[in-house]
Amino acid sequence: MAQAKRPLSPHLQIYRWPINMALSISHRASGIGLALGLILVTWWLLALASGPEAFAVVQAAMRSWLGTLVLFLWTLVLYFHLCNGIRHLIWDAGYGFELTTARRSAIAVLSVAGAMTVLSWLVIVLVS
């Protein structure tokens, strides 16, 4: 009997990730991103305690285009992790496991996280 020359399991290049799997992996990655962002918060707090010169350096770094991009992405990650965490709490209570409900809640997590990020940054821009 001839053996078929095909993979035993799907390769990542051809396998379509379900949105729930992608959000589950992204939730873990966002937790890492939040922890890394705490380095910036720590730097900011240390500079605040060190005096006006050190604080000015941190403020200049955060107000650069790269610093603004990092802060924007950190805000997005924060809201995504929050919304997806609430989704997980609802799952822990035993609700929302149906495929259509899980897919809709995944889309809701992405939509709400994006909307909250944009709204927050609109407020930041308008206030400053």
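Trainee: Which backbone oxygen does the side chain of Ser105 reach?

Mentor: A polar contact is read as a pair of N or O atoms within 3.5 Å. In this predicted model, the side chain of Ser105 comes to 2.9 Å from the backbone oxygen of Ala102. Ser105 belongs to helix H4.

Trainee: How far is the C-alpha of Ser105 from that of Asn20?

Mentor: Sequence separation and spatial separation are read side by side. Ser105 and Asn20 are 85 residues apart along the chain, and their C-alpha atoms are separated by 9.2 Å.

Trainee: Where does Ser26 sit, and which backbone oxygen does its side chain reach?

Mentor: Ser26 is placed in helix H1, residues 19-50. Its side chain reaches the backbone oxygen of Ala22 at 2.7 Å.

Trainee: Is Ser26 buried, partly exposed or exposed?

Mentor: The class follows from relative accessible area: under 20% is buried, over 50% is exposed, and partly exposed lies in between. Ser26 has 32% relative accessibility, so Ser26 counts as partly exposed.

Trainee: Is Asn84 buried or exposed?

Mentor: Asn84 has a relative accessible area of 0%, which means that Asn84 is buried. This residue lies in helix H3. A polar atom of the Asn84 side chain is 3.4 Å from the backbone oxygen of Leu23. Leaving out residues up to four places away in sequence, Asn84 touches Leu23, His27 and Val109.

Trainee: What does Val109 touch?

Mentor: With residues up to four places away in sequence again not counted, Val109 touches Leu23, Phe80, Cys83, Asn84 and Arg87.

Trainee: Which residues form the largest nonpolar core?

Mentor: Such a core is a set of buried nonpolar residues joined through side-chain atoms within 4.5 Å. Here the largest one has 7 residues: Leu23, Tyr79, Phe80, Cys83, Ala106, Val109 and Ala113. H3 and H4 are the elements that give two or more residues to this core.

Trainee: At what angle do H3 and H4 pack?

Mentor: A helix pair is described by an angle and an axis separation. For H3 (residues 65-92) and H4 (residues 99-127), the angle is about 145° and the axes are 9 Å apart. Their crossing is right-handed. By class, the residues of this contact divide into 16 nonpolar, 7 polar and 1 charged.

Trainee: Which residues of H3 and H4 meet?

Mentor: On the H3 side they include Thr68, Phe72, Thr75, Leu76, Tyr79, Asn84 and Trp91. On the H4 side, Ala102, Ser105, Val109, Gly114, Thr117 and Trp121 are among them.

Trainee: Take Thr117 from that list. Is Thr117 buried or exposed, and what is it in contact with?

Mentor: Thr117, in helix H4, has a relative accessible area of 1% and is therefore buried. Leaving aside neighbours within four places in sequence, Thr117 is in contact with Phe72, Thr75, Leu76 and Tyr79.

Trainee: At what angle do H1 and H2 pack?

Mentor: H1 and H2 (residues 52-63) pack at about 145°, with their axes 7 Å apart. Leu40, Trp43, Trp44, Ala47, Leu48 and Ser50 in H1 meet Ala54, Phe55, Val58, Gln59, Ala61 and Met62 in H2. This contact has 10 nonpolar, 2 polar and no charged residues.

How values were computed: Residues numbered from 1 in each chain as written. Predicted model: local features only at pLDDT ≥ 70, side-chain atom pairs only at ≥ 80, totals over all residues. Heavy atoms only, no water. Axes fitted to C-alpha atoms, helices over the stretch in contact; angles between N-to-C directions. Helix = DSSP H or I, 4+ residues; strand = E, 2+ residues; numbered from the N terminus. Left-handed = near helix turned anticlockwise from the far one by under 90°. Contact = heavy atoms within 4.5 Å. Nonpolar A, V, L, I, M, F, W, Y, C, P; charged D, E, K, R; others polar. Buried < 20%, exposed > 50% of the residue type's maximum accessible area, 1.4 Å probe, protein only. Polar contact = N/O pair within 3.5 Å; in protein donor to acceptor, adjacent residues only side chain to side chain.
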